[in-house]
Each structure stands twice: as structure tokens, then as C-alpha cells.
Amino acid sequence: MIEVHLGDITRLQVDVIVNAANQHLQGGGGVDGAIHRAAGPGLLEACRKIGGCPVGEVRATPAFSIPVKRIYHTVGPVWRGGNLGEPELLASCYRQCLALARRENVHSIAFPAISCGVYDYPPEQAVEIAVEQVQQHLDRDCEPQRIVFCCFDEAMAELYRQQLEAYVRR
Ligand code: ADP
């Protein structure tokens, strides 16, 4: 089941929330800042121990004060025009998160719109990749059985709804 949710990802009742982190895993603005504020200082400490994460990959931590089981920190690509591997790197973020969720027996996971904030990825193209990767995963696997696209604004939520409909119709 795929859901589109409008609101703050730190408030969702799911097993795992995904953070759109940066390579240093040292917190930042946007959804990263919101997750670090809600989780508390233990999260920064756990991220420091990990040391960093390359673009397109994922690292997992406990969730500290956020009432979910785990936080997956993935690093989306900065948009630099689209010819520097951005689509493949963004797809890799979703694939690696879903593969890790599978290995960790996660039943529900929520994604923010990775790279669509300060990393400047064109939202329509990012949403197309997000929906395609999640649908492809669910075509061959039934877990995580609940996948949430968590959007911070209605325009983004509408893009996901349209893209999900378009995917079903093709
Ligand atoms: P990136 O650096 O990967 O671009 P950002 O955090 O700047 O990440 O933005 C990613 C998306 O997350 C944007 O669409 C932004 O509106 C959204 N966002 C920001 N705060 C939250 C939050 N608390 N919950 C869910 N989404 C959020």
C-alpha cells in the first residue's frame, strides 16, 4: 500500500522514517533539521560515530526521542542540471532504503521528497523517480507493506498523487 501524507515526517506512526541527509551526517536544515530537533542530541552523536554517507547510499541509526524504530539517513544528489548522474543517484537512495528495510523486516516506511528542497531537484522529475522505484519494489516484494510519501506542502502531495495515478494507468 502506498500513501501520500501531508505533514511533518517526525509525527508519523511508522517503523522507519527516512532522512534526506547530507554526506557529513551532521544535521542541517529542512527535513534533516526537523528530524534532529525531534530526535534529540543522541542522534547527532550516533551520526558522528558513523562518520558520513556517500550520495545515493543509506545509513541507519536508532530514532532516540522520535517514536519510530529506526531512522534511515540517505543522501540525495544535488541537482546540477541532470547530466551528472542525478537520476541514477536519486533512484539509488530509494532502492537502498527499500533493500535495507527488507533486510531489517520493516513493515512501514516513510520517505520525504529527497533532494527536492535545498538540493534543488526538479520536483516532477524527482517524484517520477520516487514513485517508479517504490512501485518496482512492490512489484517483486510485499514488504515493507506500507510505504508513505510524506510531503510538506500540498503542491508536492498533488505531484505524488498524479504520478501514482499515471503509473497505475500505463
Ligand atoms: P534536500 O537537501 O534533500 O533537498 P530538504 O530537507 O531541503 O532536503 O527538502 C526535502 C523535502 O523535505 C522538501 O520537499 C521539504 O519541503 C520537505 N520537508 C522539510 N521539512 C519536512 C518535514 N518536517 N517533514 C517532511 N518533509 C519535510
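Is Cys150 buried or exposed? Select Cys150 and you will find it buried, at 5% relative accessibility; buried means under 20% relative accessible area, exposed over 50%, and partly exposed in between, using a 1.4 Å probe and protein chains only.

Before going further, a word on the model. It is predicted, so local features need pLDDT of at least 70 and side-chain atom pairs count only at pLDDT 80 or more, while totals for chains, interfaces and linings use all residues. Residues are numbered from 1 along each chain as its sequence is written, and side-chain values use heavy atoms, with hydrogens and water left out.

**Stop 1: the cysteines**

A disulfide here is a pair of cysteine sulfur atoms within 2.5 Å, and a search of the whole structure finds 0 of them. Now select Cys116, which is in no disulfide either: its nearest cysteine sulfur, that of Cys151, lies 9.1 Å away. Cys116 also counts as buried, at 17% relative accessibility.

**Stop 2**

Next, select residues 30-39, which form helix H1. Helices (H or I, at least four residues) and strands (E, at least two) are DSSP runs, numbered from the N terminus. Colour Asp32, Gly33, Ala34, Ile35, His36 and Ala39, the buried residues of H1. Their cover includes strand S2 (16-21), helix H2 (41-50) and strand S4 (70-75).

Show H2 beside H1. The two helices pack at an angle of about 115°, and their axes are 6 Å apart. Axes are lines fitted to C-alpha atoms, for helices over the stretch in contact, and angles run from 0 to 180 degrees between N-to-C directions. On the H1 side, Ile35, His36 and Ala39 meet Leu43, Leu44 and Cys47 of H2, where contact means heavy atoms within 4.5 Å. This contact divides into 5 nonpolar residues, 1 polar and no charged; Ala, Val, Leu, Ile, Met, Phe, Trp, Tyr, Cys and Pro count as nonpolar, Asp, Glu, Lys and Arg as charged, and the others, Gly among them, as polar.

Click on Gly40, which follows H1: its phi is positive, near 95°.

**Stop 3: some backbone details**

Step back to the loop between S2 and H1, where you will find Leu25. Leu25 is not a glycine, yet its phi is positive, about 50°. At 2% relative accessibility, Leu25 is buried.

For another positive phi in a residue other than glycine, select Asn105, where the value is near 55°. Asn105 sits in the loop between helix H3 (86-103) and strand S5 (108-111), and is exposed, with a relative accessible area of 55%.

**Stop 4: helices H4 and H5**

Finally, select helix H4 (residues 123-140) and helix H5 (residues 154-169), which pack at an angle of about 50° with their axes 9 Å apart. The two are therefore oblique to each other: angles under 35 degrees count as roughly parallel, over 145 as roughly antiparallel, 65 to 115 as roughly perpendicular and the rest as oblique. Residues making the contact include Val127, Ala130 and Val131 of H4 and Met156, Leu159 and Tyr160 of H5. In total, the contact residues divide into 10 nonpolar, 3 polar and 4 charged.

End the tour at Pro144, in the loop between H4 and strand S6 (146-151). A cis peptide bond, with omega about -5°, joins Glu143 to Pro144.
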